[in-house]
Structure formats: C-alpha cells, structure tokens
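Let's take a walk through this structure together, starting with the overall layout and then moving along the sheet.

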Amino acid sequence: MPSVPKEIRTYCPYCRKHTVFKVKEYKAGKRRSTAWGQIKHELKTKGYTSKVAGKVGGIKNRKHIVLLLTCTECGKKRYKVLPETKKKLEIKR
Ligand SMILES: [Zn+2]
C-alpha cells in the first residue's frame with residue numbers, strides 16, 4: 001500500500017514558486033447519462049456489435065493512483081499521478 005504525507009511541498013505554476021499542497025485522493029465523478037458523448041458510447045456498445053473502443057474487456061484491479069493537490073496559498077488544484085499501480089492509498093497523518 002503506497003503511503004503519501006498529508007501535505008506536500010511542490011511547485012505551483014500559478015504562484016510560480018514552491019508552496020505547500022494539501023493531499024487528497026482523486027476520484028472520478030458520476031457519469032451523466034444525458035451527456036452526448038455518453039449517449040453515443042452507450043449506442044455503440046449496445047447489442048451484438050464487434051470490436052468497439054471502450055467495450056468492457058478483462059477487468060483490471062490495479063490502477064495508477066491520482067492525487068488531487070490543493071495549493072494552500074492560491075487554492076488552485078493540481079493532479080499528480082503516482083508511478084506505482086496499487087489498489088489502495090494511505091494518507092499519512
Ligand atoms: Zn498556488
């Protein structure tokens with residue numbers, strides 16, 4: 001289980017200097033079923049069609065963890081992808 005500290009000191013492109021960032025795990029939001037891209041995708045994957053991009057294949061249970069960093073000075077958010085692929089993340093206190 002990879003562990004990251006609660007606060008990270010890294011470069012902020014908005015403040016143009018190193019600042020302290022609060023660390024949170026990024027989780028994708030709920031998909032809107034009325035979004036045009038989502039309707040298109042559902043129509044494509046519906047029924048007995050052959051190879052379609054985005055069709056569910058083998059399920060992977062290991063993913064790259066994405067961190068959501070919030071700058072404590074300007075409040076802007078940044079993403080950071082961890083190089084390891086793990087199931088769970090632990091944020092140190
Ligand atoms: Zn900043």
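Starting from the N terminus, the elements of the protein follow the order β-β-β-α-β-β-β. In other words, you are looking at one helix and six strands. Please keep in mind that this is a predicted model.

How are the strands put together? Four of them form an open sheet in the order β2-β3-β4-β5, and their pairing is antiparallel. At the edges stand β2 (7-12) and β5, each with a single partner strand, so one side of each has no neighbour in the sheet. If you follow the sheet across, the twist averages 45 degrees from one strand to the next.

Have a look at its backbone: phi of Arg16 is near 60 degrees, which is a positive value in a residue other than glycine. Is Arg16 buried or exposed? Arg16 has 8 other C-beta atoms within 10 Å, and a residue with 12 or fewer counts as exposed, so Arg16 is exposed.

Next comes strand β3 (residues 17-25), which pairs with β4 in the antiparallel sense over five bridges. To see this pairing on your screen, pick Glu25: its bridge partner in β4 is Leu67.

On to the pairing of β4 and β5. Strand β4 (residues 63-71) runs antiparallel to β5, and seven bridges join the two. Here, Leu68 has Tyr79 in β5 as its bridge partner. The hairpin of β4 and β5 has five residues between the strands, and in this hairpin Gly75 takes a positive phi near 80 degrees.

How many residues of β5 (residues 77-86) are buried? The count is zero among its 10 residues, and this strand is hardly covered. Recall that β5 stands at an edge of the sheet with a single partner strand.

Finally, step back to the whole chain. Of the 93 residues of the protein, 2% count as buried, where a buried residue has 20 or more other C-beta atoms within 10 Å of its own.

Methods. Residues are numbered from 1 along each chain as its sequence is written. This is a predicted model: local features need pLDDT of at least 70, side-chain atom pairs count only at pLDDT 80 or more; totals for chains, interfaces and linings use all residues. Helices (H or I, at least four residues) and strands (E, at least two) are DSSP runs, numbered from the N terminus. Two strands pair if DSSP finds at least two bridges between them. Axes are lines fitted to C-alpha atoms, for helices over the stretch in contact, and angles run from 0 to 180 degrees between N-to-C directions.
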